[in-house]
Each structure stands twice: as C-alpha cells, then as structure tokens.
Amino acid sequence: MDRRHALKVLGAAAALPSLAPTDGDKAPDPAATQGPAWTGPAGTPSDPNLVTPRVWWPRKLLDGELVTLAALCDTIIPADGHSPSASAVGVPGYIDEWASAPYDDNRESLVKLRGGLAWLNTESERRFGRPFARLGESERNQIADDVCYEPKAKPEFKGPAQFFDMVRDLTATGFYTTHEGMKDLKYIGNVPLQRWDGPPPEVLKHLGLL
Amino acid sequence: MSNTQTKRVQYDAIVVGSGAGGGMAAFQLAVNGLKVLLLEAGRNYDPLRETPMFQLPKDAPLRSEGTVDKPFGFYDATVDGGWRVPGEPYTVAEGSDFMWWRARMLGGRTNHWGRISPRMGPYDFKPRSRDGLGIDWPLTYDELEPYYDKTEALIGVYAHDQSLENTPVSRHGTQLPPPKPRAFELLTKKYAAPLGIPVIPAPIAVLTRMQDADHWPAKLFPGNPLAQRVVRQSMRSRLACIYATGCGRGCSLRANFQSTTVLLPPALATGNLIIVPNAMVREVTLDQRGRATGVSYVDKTTRTDRHVRARIVVLAASACETARIMLNSKSALFPNGIANTNGLVGKGLMDTVGAGIGGQIPMLENLPPHNNEGTTRLHMYVPWWQYQEQRAGKLDFARGYHVEFGGGRDMPDAGIFWGLEDYTNGAYGKRFKEEARRYYGSFVYFDGRGEMIPNDDSYCDLDPTVVDQWGIPVLRFHWKWSRHETNQASHMVKTFAQLIESMGGKVVGKLETDGTKVIAKGGQIIHEVGTVRMGDDARTSVLNAHCQAWDVKNLFVSDGAPFVSNADKNPTISILALAWRTSDHILAEMKRGNI
C-alpha cells in the first residue's frame, strides 16, 4: 500500500480549511466558531479508537492448542510458489483472538474449537500414534480428507467436519487479510487516485464488453 | 469552549439532533442570523481526526468483523450506536419484530450512511391519489424540486443525467457527473437489458470533483453575504473523492456528505451556533398559552437536568426518537404528549422493504487484476421499472423498489471465502489457494429496497414500565408487514435469481422465494420515517404542510418523522430538502412576527 502517498493527500486536505476567507463579511471571533470541546473516543468497546485499533481482551488458547492449530492452519493454507503458509503470517494468533472474544457467538465457538483440536489429536494418536502437529503432510491429509466437506463426510466425521470448516473459514480470513494474502489474490486498491478511469481494457475484453 | 455562560441566554432556536435534518436546520437558521443551540445526545465527534482512512482489516480487532459493539464492522463510523445502545433499551411488543438503529454521536447516522440520494418522484408525493392506498403528502414534487436542487448543489451528489418515469434528476445542473461503472456493473447492465431492467448511474452524495465555490454560494444564498462566505469556505475545504477507503468509515477529506463535515462546520463558522453534545433531551416544555418554551435535557456527563429556552424548538432526533420526545412531553394541555391531540404521534411508522441474494458468476472468475473500488459506493443501480405492469394490475404488490448491487475484486475482509467449500467439494491445501484465486471477485449481490405502505399495526408508543438509564420512558415497537411488502420481497428475489442466471451464474445457497421469509425485519434497513406526519388537515396529521405542529405554533420537526409515505427512494436527501424548506418557513414566520 502506498501509505506515504495517502498521508500526503491527507496532509494537503488538513491544510485546506485554514485558508482565510477573502471576501464576504468580516469573520467572527474564531473562539466562538470552534464548537464544543473534543475529547476523542471514550475507549470503550462501542466507542473505540478507530485510528489506532487494539484488541482489549485476553487470549485463551494454551500453547499446546496453538501448536495443533498452527499445524491445521498450514494443512488448510500451506506455503506454495505464490505465498507463505497461514502460520507464517500469524493466522493462529488471529483465530485465538477470535475464539477468545467476549461475544456470545465467539464464546460458543471457543468450545467448538477446543473440542475440535482435542479430537484432532485423539484421532491422530489413534491412527498414527503421534499428535497432529508431528504428522507428515500425507498423514495429515488422510485425516483432513475425511473431514474436509461435511455433506460428503461419514456420519462419525460430521461433527469434526463442522469444526474443520470453521477453522478453514477463519484461516482464509486470517490469511487473505494480510499483505501476503492480498498479494496472492492480486488485490489492487486502497490507494488514493487522482481520477477514476473504470476497469482497464483487458478486463472489458475478458468480459466481452469491448 | 465552555457553554455554561451561553446556556442562560434565550436562543432564537433550539435544534434537537445533529444528523441530516438537525444539521440542515441548524445550518440554515444560523446562516440567516438566528442564535441557534444544537443539542446532541451523543458525544462530540470529529471526522477530520477520527476517520480511519486506509487502515486495513488486519489491524482491527477480529479483522474488522461486525460485533454487537460495532455491528457494521470495526471501522464503520458509528460509535456509541448500533442495534443496541448501552443503558438505553427499547422494547418490542409481543408478536412484533423490530430493530432500531441509533447513532449516539455528533452527525448521527450521516457519518456512516450509504450516501444513496435518489429524489422522490412526482408519483411518490401522491400515492393515495394514484392507487388508493396510504396517504398523500401535503406537497407536490414541484414544490420540493427547488429544494432538491439546492440541497444537491450544497452537499454534492453525483447522479444520472436523464430522468426516467418517477425517477427525476436535476433540470438545473445541480448534480455532479457519475464515476465510470465498474466491471461487474457493466456486466450486469448488459445482461439486465434483455430482461427490461434498466441499469443507470446511481445518485450518491460523494464529490466526483471539487464543488464550484465561485458559483454556488451566490446562487444558493442570494443577498446573504454571511451564508455565501461560510459556504464558499466550506466548499473550498472539501476534496473530491480519492476512490479508495470505505465511505462508511466517514471521510476526513470531506469528500462525501456528513453533517459533521458539510453542514456543522459552516454553521459554526457563522458564530451563531452553539453545539452541546451529551445532551439527552427529555421533553419539550410549554407555557400557559400552549407555546413551546424550550427543552429539558439530561447532561449525560454529570447526570444532571438542564433547561434551555428558545423562541422556537426544532425536533430532529430521528423519526422514532422525535416521537419519543413528543410522547414524553406531557402537560395539562397535552396529556398524551405535546401536539398529540389526535393521538397520531408514533403512528404511521414505516421502514423500507429489504430482500437480497448473492450469485456466483463464472464470467467474473480469473479476471485480470484491477482496481474495483471506485467511490466504494454504488456507481450504478436499478430504479423501479415496472410502473406500467403495476398500472395494468399485473403485479401482486402496489409499489416499487430499486436495486442496489455490488461485487467484484474488493479488499479482502472478514468472511472472505466463507462458503467456498460448496464450490470446491471442501478444498484445502494448495488446491484451496488455487480455488481462492479463481473465485476471488466472482461473487455479486443484489439487494432490493422497496416502498412500504403505512398500516395501523406498525407504530411506536411509550412502554408503560421501562425507562432508560436517564429515567426517560422508552419506546415500544409494534410491527406488521402487509402482503404488499412480502409479495414485493418475493418479486425481488425471483427477479435477482433470473438476472443471476441470465449472467450465466448461480444463486448462492438455496433460493428461498417466500416473501415472508426473505423480507428483512422492520427497522433493519434503517429508514424509519412517518411517526409525526405532516398533512393538510389537523385532524389527520400532527404537522402542517411546513412541518410545523398544528397545536404548537413554535414547534417544528425536521427529520424523517414528517414523512407521509416511504417511497423506495432512500430518505436522507428528502429529509435534507424538507429541512431546508421548513427552515425557510421558520424564517419567514419569524419575519412576519407569527412566532
């Protein structure tokens, strides 16, 4: 992101309102025209500082759970020629933040997440005699294949499949919202433009609109 | 600055609420020389210092996913608001379903709104005369047209340049050129045309170029050098859109319309306006002769009661909050609330009909990478197009809807690729990443926004027992959709499914066409209007044709409460135009010595 350019535009804008009026009647006393005192955000959950955000709740997952979670995240989004793996860009930390959030849905999901991570290790021990994080790729995939799509999962894997899907959704959010993930998708935007030209000709051509 | 001194003086006008209606009224009265006190229930909010411009989802809690504290995502401009305001409950009557959005902050909902600004058309003012349903407005399109023109020129609205049936645009060049359409919008237009569905530039309150500060001030405020000066200064301080960073966050460049960037700064610059935030209005006070003397409010920061006086009172606290204040303003003269002699305050509550579906469009897969952001608001939309069919009795609902739609290669945000498993048989691993690249940007959504006809079962009154943390009785909502709304919602989703299929796409999820199931809840579209309606007859309305209370001559309403109907046209631009017209009436009546 060309943040420096963005800040320059913002700086130019901030300078504009100070232009003194050069016509019309005489300006009133500036003290009378400033409006009420500004004290900024209260810093409460419904009135947080939007410009410098922070997470205000403690994270709940234990180190061991995070190790299992990282292995699962990387099974879902491994490194390839385009971008790094999910754990390399902090996805387990995001999922921990999400599952620890003080909202009803998240509280329920924490139970589902913890139960799922425990199931993953139990299943892994049962099949291979080792916890999930210590399995090789093909062993991990053997388990993942059984739980990766709920509609096609065997009855005994329906529950774990729901857990897997939740983690896949979260891993995708965590991964594709990072710079690395956005670059992988070739997202272009969040840069200030002097003018808007619409889609380039190659896009219109691709769509049969040119 | 301290306001304690100034609170002892008698103001010319008190305006309650600082959103679209309150901001416009305060601005108009202040530039015309009145001493105005503006009371806002929320805190002071400064978009220049507080807007998160360019911040990324990854830097926000939960990657900016919506929560009960920040329902539209972390970076949404709304603070201290949403479907729940801590300490300020409301209730819903048994058998009803209603959601009430509030924004307790300076500028109210104008900080985050969709900026969608379609004018109401000639039909919309006379619905009963056309089809026998609902109520006619006490004014015509022609009467409000000059105020639409002036409002657009003042705030900046881009739009289409040709009027369609009941979808008027300015005849006087007051609108700005629209931005070029995005790829998904052009594709939709192409495939909508054979279905007879028009896709045209949307009317949006965003500056596609800087305003002409040398032209408009003199044109809008002839003979008023003060107004011309502050408006000129304001227009010069606003930049054009930079086509990046979500409009719903607000804009520190002042490129879109917010009361806090467009109306309140020039109003303050007159030196005639005092703004008091954290002022929760309890009631309008009355003298023996039945004239409003001022308002009582709770200073939230100290939890103390205050009273302020003025020659006139303008309520613009939002349609429901305004009704609440009036219902709570009880006296010997008005035991059921101020100006509520006929019991109509709170009645006539309307929202907008909402229903929508998404589609996956294979043609949009694997598009060459490109910027899809634009103004981040609609560039194109679909105005209601089946007036003829309705006239011919071919549809099972009486009123129209418009279509808002989006899609394409937007900034990845929380929830991206949720549901992708259904397209990929549960892909994970390297294949997941390949599928993500393929499907990114290939989804579109269509949302219908339609007219609701007022009915006797949809209204708000005071809850008999519940009070908020300031001790003020709270609103209780009653709600029912009629078949006109549910049938319309059904028509929306069927039409969108047809459109998605004609684009070679597939509807996301299982298509549900039962209108009673797909229709949004009352209040959910956040277009509540109609609770203090205007009219020609004091027996059937609360306000006269100038939004002046029939029973209390110096009490006015300038938000969405005076609306008589709720056309599919998003209400903000009409609230602004109506508030300007009401302000002109106030000034004229004061000049004549009537108030």
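The accessible surface of chain A works out at about 10,700 Å², and 55% of that belongs to carbon and sulfur atoms; the areas come from the Shrake-Rupley method with a 1.4 Å probe, and for residues only the protein chains shown count as cover. This is a predicted model, in which local features need pLDDT of at least 70, side-chain atom pairs count only at pLDDT 80 or more, and totals for chains, interfaces and linings use all residues. Side-chain values rest on heavy atoms, with hydrogens and water left out, while residues are numbered from 1 along each chain as its sequence is written, and chains are lettered from A and ligands numbered from 1 in the order in which they are written.

Chain A has 8 helices and 0 strands, where helices are DSSP runs of H or I with at least four residues and strands are runs of E with at least two, numbered from the N terminus. As for contacts (heavy atoms within 4.5 Å), 59% of those in chain A between residues at least 6 apart in sequence join residues at least 24 apart.

On to the cysteines. Over all chains, the structure holds 0 disulfides, a disulfide being a pair of cysteine sulfur atoms within 2.5 Å. C241(B) is in no disulfide, and the nearest cysteine sulfur, that of C247(B), lies 6.4 Å away. C241(B) is also buried, at 10% relative accessibility. For C547(B), the closest cysteine sulfur sits in C320(B), 16 Å off and so too far for a bond. C547(B) is buried as well, with 1% relative accessibility.

Note on methods. Buried means under 20% relative accessible area, exposed over 50%, partly exposed in between (1.4 Å probe, protein chains only).
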